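Here is a short briefing on one protein chain. Look at the sequence and the structure first, then work through the points by topic.

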Amino acid sequence: MPCTVVVGAQWGDEGKGKIVDALSGASDVVARYQGGPNAGHSVIHEGKTLVLHLVPSGILHRGTRNLVGNGVVIDLPRFREEVENLASRGVETENRIGVSPAAHLILPYHRAVEAAAEQGPGAIGTTGRGIGFAYRDKATRVGLRVEDLFDAGAFASGADRNLARLRREYPDVRELHGMSGRALHDELAPAIAWMRPLVTDVSRELFESLRAGKRVLLEGAQGTLLDLDHGTYPYVTSSPASAAGAPLGVGLGPRAVDRVIGVTKAYATRVGLGPFPTEMPEEEASRLREAGEEYGATTGRPRRCGWLDLPALRYAARVNGLDALVVTKLDVLDGFDEILAAEAYETPEGRTPELPSAGSLGSCRPVWRRFPGWRAPTSGVRTWGDLPAAARTYLEWVEREVGVRVDRVSVGAAREAEISRA
């Protein structure tokens, strides 16, 4: 059964959107399995940059079916706006998008309390879009789902119950006191009518597609080190961003997946708070940030920049069971005289090539491996053999150290700016 998962192998922002877009051309169905509109996949389409938040990246390829699974949390007005914006730019969307009735909803009260929580001592650097609190409601079994939109009374009752609890928990959040379940449903009414024909049994669609021999691609948001269970907790997202979450988030069994592709930058970035041992000094980070346009696709926030972390990449390969690596943004390093990568860590217990636990990561020191820069443009390169020798040396070292083959290298934002390794 030809089912492929594309997963981020770092802290997100690895360029998964471009890779999924490239792979979507050979896929029949693309399904999103986790996350919310806090993530953005930037894709070049007809010479212009499109940022996709909830719509799967396969939407830019004619004939591809695009599904949003039960593991995703949906801000309905934003989702509708995204789809309508795509249509206004000439992207065919009709009958090409399906949404699971079991996907949970992000509602205005989630955004209000998340914004308040991020002002306090427990802030972790979220985008404030309500994703974490929507997943909290899901975990405590009080969340409202897409299917609840179509029963106004049940929706209003559930929302009022949640509002009462949140008012007790966050008495200073004034926005909560002006909300009611009925008013929220009335406000959403136009989007609810728009959503109704999109609702489909995503699990069954995917199962039947695979049984018919169709090619399925599962895409997520964020990256392995932001996974709720396996990331640098508590500075993580609220859903399973690793490959194991893919079948769970669309309603398939684990044996449905036969290939896992990990995406990593040639360096490293992260947003929000939390440990980042290979982070560069700001002067160096600023140079790389501008060269790589390292600003959040959704928020515009500047990303923290650092050198590649091999212990973290080895960890991602193990946790995800990676079959192949894709290295993105190699071209961003073209102008550097020297390239660094962390090959191990010095810890209080001694040197280790493995990623230390999240709780001790902040006190570890990287052991650096230094490479000469190639000081030559790679953005026009299309074959592995035409890469500068120093760039090939760097990439071949990465794959040896990680134990996973580098199958593809991206050297620019455009679709054609990549090297597929034979």
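Ala317 is found in helix H10 (residues 310-320). Helices (H or I, at least four residues) and strands (E, at least two) are DSSP runs, numbered from the N terminus. This is a predicted model: local features need pLDDT of at least 70, side-chain atom pairs count only at pLDDT 80 or more, and totals for chains, interfaces and linings use all residues. Residues are numbered from 1 along each chain as its sequence is written, and side-chain values use heavy atoms, with hydrogens and water left out.

- At 10% relative accessibility, Ala317 counts as buried. Buried means under 20% relative accessible area, exposed means over 50%, and partly exposed is in between (1.4 Å probe, protein chains only).
- Setting aside neighbours within four places in sequence, Ala317 is in contact with Leu322, Val402 and Val404. Contact means heavy atoms within 4.5 Å.
- Ala317 and Arg168 are 149 residues apart along the chain, and 44 Å separates their C-alpha atoms.

**The whole chain**

- The chain has 11 helices and 19 strands.
- Its radius of gyration is 22 Å, close to the 22 Å that the globule rule gives for 422 residues, so the chain is as compact as a globular protein of that length. The radius is taken over C-alpha atoms, and the rule is 2.2 Å times the number of residues to the power 0.38.
- The C-alpha trace spans about 65 × 50 × 40 Å along its principal axes.
- Of the 422 residues, 56% count as buried.
- Take the contacts with a separation of 6 or more: residues 24 or more positions apart account for 76% of them.
- The accessible surface comes to about 17,300 Å², and 49% of it belongs to carbon and sulfur atoms. Accessible areas come from the Shrake-Rupley method with a 1.4 Å probe; for residues, only the protein chains shown count as cover.
- There are 51 positive and 54 negative side chains, and the centres of the two sets lie 2 Å apart. Lys and Arg count as positive and Asp and Glu as negative; His and the chain ends are not counted. Each charge is placed at NZ of Lys, CZ of Arg, CG of Asp or CD of Glu.

**Helices H1 and H6**

- Helix H1 (residues 16-24) is mostly covered, with 8 of its 9 residues buried. Among them are Lys16, Lys18 and Asp21.
- Helix H6 (residues 181-195) has a kink of about 55 degrees at Ala189, shortly before the proline Pro190. The bend at a residue is the angle between axes fitted to the seven residues ending there and the seven starting there.
- The buried residues of H6 include Leu184, Leu188, Ile192 and Trp194.
- An α-helix has 3.6 residues a turn, so residues three or four places apart point the same way.
- The cover over the buried residues of H6 includes H2, strand S7 (97-99), helix H3 (108-117) and helix H5 (152-169).

**A buried loop residue**

- Asp75 sits in the loop between strand S6 (73-74) and helix H2 (76-88).
- Is Asp75 buried or exposed? Asp75 is buried, with a relative accessible area of 3%.
- Beyond its neighbours within four places in sequence, Asp75 is in contact with Pro37, Leu54, Ile106 and Arg111.

**Backbone exceptions**

- Most residues other than glycine have a negative phi, and most peptide bonds are trans.
- Asn95 is not a glycine, yet has a positive phi of about 65 degrees. Asn95 lies in the loop between H2 and S7 and is exposed, with a relative accessible area of 68%.
- Glu293 also has a positive phi, near 50 degrees. Glu293 lies in the loop between helix H9 (282-292) and strand S12 (304-306) and is exposed at 61% relative accessible area.
- A cis peptide bond joins Tyr233 and Pro234, with omega about 10 degrees. Pro234 is in the loop between strand S9 (216-219) and helix H8 (245-250).

**Two partly exposed helix residues**

- Ser286 is in helix H9 and counts as partly exposed at 29% relative accessibility. The C-alpha atoms of Ser286 and Asp172 are separated by 38 Å.
- Thr393 lies in helix H11 (residues 389-402) and counts as partly exposed at 43% relative accessibility. The C-alpha atoms of Thr393 and Val260 are separated by 25 Å.
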